[in-house]
Amino acid sequence: MITDDESRERAVRAAVRNNAAWCDAVCRAHGLPGEFGREAWTNERRTPPLYPDAVTLTADASAHELVARIDTRSPGCSVKDSFARLDLEPLGFEVLFEASWIHRPAGGASNAPPPDVSWAPLSDADALPAWETAWGDGAEPTGLFRKGLLSGDTTFLAGTDREGRIVAGGVVSRSDSVAGVSNLFALGDEEAAWAGCLAEVTRRWPDLPVVGYESGESLEAAVGQGFTPIGPLRVWLHTG
């Protein structure tokens, strides 16, 4: 449990680093590896859709130095301001959304998952299109999530109903100190999806705290499952 400012700051840094590593993994799967520096992870080439061109790793990151290391010439450039400290408006950016980093202690209590949904990791790349379709609320898969992500420190979890349909899911990115959950989705109750996902995470990695970031109703659902908001973040989009 986080009981003081120092513990909170340490938890935020772990969540930030974990998320940057996940962003880098997605980029590498597309043949677009980024670079980790002291202040930020950056990518000089356009990243895949929905993934940032930079993630700050420290609260004192320099806006000008950061922007100089990414491609602002083509549409879609974005920056994950992990500590909500940057002012990128003078550099042609506007705030896309704000959210909160979240933390849940290892083995933390959560509600019992619904018995009619079974959770398990994807082990076959052939299942990724169906997972992406469910994640995209029925949209045709675009290949955003490549088969190279089904190994190493990344696990795609799928919640399937009794007819074998994927009705919930999430991605778990593990580091030495935390398990990061991202891309959580549910075709029904989001809190039930969190409960199922967390039960599987706790079963597989009982000694790891769980981190991520959420906003709005999704943040409320996460808090309902034992997470604590630990710090703000902001995502900026370059508009010219």
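Mentor: Welcome! A salt bridge is a side-chain nitrogen of Lys or Arg within 4 Å of a carboxyl oxygen of Asp or Glu. Keep in mind that this model is predicted.

Trainee: Thanks! How far apart are the closest N and O atoms of Glu-98 and Arg-234?

Mentor: Side chains of opposite charge can pair when their charged atoms come close. Glu-98 lies in strand S5 and Arg-234 in strand S11, so their pair ties together parts that are 136 residues apart in sequence. In this salt bridge, the closest N and O atoms of Glu-98 and Arg-234 are separated by 2.9 Å.

Trainee: Which residues join Arg-38 in one network of salt bridges?

Mentor: Arg-38 meets Asp-60 in a salt bridge of 3.6 Å, N to O, and both residues are exposed. Salt bridges with shared partners build the network, and Arg-38 is joined there by Glu-39 and Asp-60.

Trainee: On to the rings! What kind of aromatic pair do Trp-131 and Phe-145 form?

Mentor: Both Trp-131 and Phe-145 are buried. Their ring centres are 5.5 Å apart, and pairs need centres within 6.5 Å. Planes over 60 degrees apart count as edge-to-face; here the planes stand at 90°, so the pair is edge-to-face.

Conventions:
Residues are numbered from 1 along each chain as its sequence is written. This is a predicted model: local features need pLDDT of at least 70, side-chain atom pairs count only at pLDDT 80 or more; totals for chains, interfaces and linings use all residues. Side-chain values use heavy atoms; hydrogens and water are left out. Rings of Phe, Tyr and Trp (its six-membered ring) pair if their centres lie within 6.5 Å; planes under 30 degrees apart count as stacked, over 60 as edge-to-face and the rest as tilted. Buried means under 20% relative accessible area, exposed over 50%, partly exposed in between (1.4 Å probe, protein chains only). Helices (H or I, at least four residues) and strands (E, at least two) are DSSP runs, numbered from the N terminus.
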